[in-house]
There are 2 protein chains.
Amino acid sequence: MSNPADQPDQPIQTGALGPDEGATPVLDAALEQAAIEAIAAGDADLVRDLIRPLHVSDVADLLEHLHSEARQQLVEILREGFNPEILTELDETVRDGIILQLGVADAAAAVAELDTDDAVHVMGEMDEADQQQILDAIPADDRTLIEAGLAYPEDSAGRMMQRELVSVPEFWTVGQTIDYLRDSAEAGDDTLPKDFYEIYVVDPTHKPLGEIPLSRLLRTKRGVSATDIMNPEMNLIPVAMDQEDLAFLFRQRDLVSAPVVDDSGRLVGTITIDDVVDVIDEEHEEDIMRMGGVTEDDLYSASLETTRARFTWLLLNLVTAVLASLVIGLFEATLDQMVALAILMPIVASMGGNAGTQTLTVSVRALAMKELTSINAMRVIGKELIVGGFNGILFAILTGVVVWVWFGSLALGGVIALAMIINMTVAGLAGTTIPILLERIGVDPAVASSVFLTTVTDVVGFFVFLALAGLFLL
Amino acid sequence: MSNPADQPDQPIQTGALGPDEGATPVLDAALEQAAIEAIAAGDADLVRDLIRPLHVSDVADLLEHLHSEARQQLVEILREGFNPEILTELDETVRDGIILQLGVADAAAAVAELDTDDAVHVMGEMDEADQQQILDAIPADDRTLIEAGLAYPEDSAGRMMQRELVSVPEFWTVGQTIDYLRDSAEAGDDTLPKDFYEIYVVDPTHKPLGEIPLSRLLRTKRGVSATDIMNPEMNLIPVAMDQEDLAFLFRQRDLVSAPVVDDSGRLVGTITIDDVVDVIDEEHEEDIMRMGGVTEDDLYSASLETTRARFTWLLLNLVTAVLASLVIGLFEATLDQMVALAILMPIVASMGGNAGTQTLTVSVRALAMKELTSINAMRVIGKELIVGGFNGILFAILTGVVVWVWFGSLALGGVIALAMIINMTVAGLAGTTIPILLERIGVDPAVASSVFLTTVTDVVGFFVFLALAGLFLL
């Protein structure tokens, strides 16, 4: 019943949870501070008391926030009866450290307790050597399942899927299905998933024929055949499908769960949306990091490692900065005659860089979301050229007037205005064509676009401004 | 049964779907091209034939990709029996145009056909005036529900929630619950949601006491009481909760659906993960756009509108670029004596800007994910200072040697090296402290950080390099 008016009105004593309880999306800062102090004081009992009511993801957050020494102390306090679910919620760098600290025996015990998909996830991000050590210490039957998952390529549906699922033969009725679920629950059958959202009707070769959402199963009379209420139009996921495509499919089709099939079309697992949300977050992080010139989120990495990881990108930028300087060097004689040019030239380059970054951001995002395709590419490029030109004219007027007043030279104002129009139009063109071309040759536009873009806007900005100055002012 | 070996082995004639069918995550390019040609040729029947098998989100994609003239032709072809679900999948700009074209009567009919939460979503993004016109044309009872949704603040849980849900009184058994679901389905009760993943046990004042996942309900014998299998620890969502906090909670707790309660704790709706995924995507887009200096995704906006929207950001950048030029202007005399400085000075500023952007990217992301808190802020700032200093030293050596060779002056190489170390260390400091300070004063770090950062790295870069040159070289 969905209407409160339908409810019987006998008084009830049970206290309902208030709207504030249960809804604390973030680890409470006061509690965190108390835990940190208890850890520092070495009061293990107090720490355990403080942590007991926390959700595993909050414990994981706490571990991530701690200084490495305090983190090690906390792991020791939690070692006995360590909740393995914590591992699935941790950042990779922090998790590797904790697994190392737990040691092979304890780490293997923790991993073995996890659901297969979580165990595969945790193991899949480890070094080969550590992975093998821990696998060897896991009981044979769990190990086989984990190894089967690890056998699928990284980032594939096979890696992500849960192998436990509910399938029924096509001649079963709703009643038989419900009885089967009740009986196996009673018998303690642990091949059934803990949570599931749909069941699958399969043929004798275990190929899926259709899916039945649980809400539909619950609303149907016992005598109805499973095939009568199944939805035969499923979104079948091939085991080899890449997780990015998978995330796109889930979003595009608003899916909550979907069946995974092997090469011969047999049902081998299911993927549920909560795992897909993790993929979406991962992709998000990748996009943001790459646009910012960082290979991966290094918040928890050591300083030396972070320095090394960021070095390559900076080196590439040094090369382009030197290239820009070489272009300026071409106009040494011009600069020598008019020092005002040296003062003003960064403005032209900087405005081109910023206008180009705006265009680039929209284009890279549209490519990732498959909104920018060969169908509308020419239209988008044309539009960005126009936008670049328009803003170029506006800023040419603004800058031209400022420079005219500042240096008292109308000619200098005219030169910077003309350079501005040219560089901002070029920026619009480069901001769209660079990511499109990179995508076409198979390079991730998020990684490499911005370095090419700034090279173009710096080189064009300095060259056009100094060349025009040489032509008209000297 | 989860094992293929358990299946009865009688032969089956029904053709199972192959792994490739159904799994086309993107609108097929050939089909899209064919549709575009059919629209251009004015062959309405062929267009309808091509579009009929498509999922609504693919039709929405096609509409988005089309040139505005072709889009209008396609809307006319689809006008009769227009599938309202298409509206929910469209980009806002494109949707507004289509609603305008459909006209008040047809648009109102389409909106009225949608689920309440989708209708509220579509209506909520419209102009006030258009919204009122369309609301007035919607039948009274649908209108009341939509208006109730629109009464909640934008981006709140109240706006997103679905009002249809299944709740049962606490004295019911599993059997009574299932019978109720079957009877109301048979009676065609349309106050029940189409899909749902859990039911709620409520007290007589309609406050939620616990939730029962459908998979648990299905596995329990008929005689068991609902309260015996319910989970009393729910993640209650207050109607006023902001969608960002909501998305964070869903991710943190791996939720699939959650109950929404009003101020007095009564159950008023549910929110399911598919709507939360849309919020996550929206946030993602916002982050990326803001970091790139674009207020919102303007792929489908007109050129003039886009120009205007991007103008403000560029104006701000012009101000900072002029500021940097003023700093250079302080050293006019120095530059006049040594033109090599003009050639080299952009290198120092550019390397600082790039190193700072790397730090900024990691910090802004960590703040958004609540991984960078007051607990670990000092540690992160310290680390980034060290990383900035390390990379500063490495690039000081590299650049110093290059400049020494290029200009044949060891002193000039030394000056640029020293400037590089200082600017890159400052970049590490600014890249962490700027976003942290902005967040503390309540400004979104993603929007404003980068302009402050480049101002700092440009000003410090030019100033330190030219000032050191003035001190040691002249």
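Which residue forms a salt bridge with Arg290(A)? Asp444(A) does, with the closest N and O atoms 2.1 Å apart. Here a salt bridge puts a side-chain nitrogen of Lys or Arg within 4 Å of a carboxyl oxygen of Asp or Glu.

This is a predicted model, in which local features need pLDDT of at least 70, side-chain atom pairs count only at pLDDT 80 or more, and totals for chains, interfaces and linings use all residues. Residues are numbered from 1 along each chain as its sequence is written, chains are lettered from A, and side-chain values use heavy atoms, without hydrogens and water.

| Domain of chain A | Residues |
|---|---|
| domain 1 | 25–154 |
| domain 2 | 167–291 |
| domain 3 | 303–472 |

The centres of domain 2 and domain 3 of chain A, taken over C-alpha atoms, lie 50 Å apart. Five residues of domain 2 and eight of domain 3 make the contact (heavy atoms within 4.5 Å).

Buried area is the accessible area (1.4 Å probe) lost on putting two parts together, summed over both. Phe248(A), Arg290(A) and Met291(A) supply 78% of the area that domain 2 buries against domain 3, more than any other three residues.

Two salt bridges are counted between domain 2 and domain 3 of chain A.

Terms used:
Domains from an automatic or database assignment.
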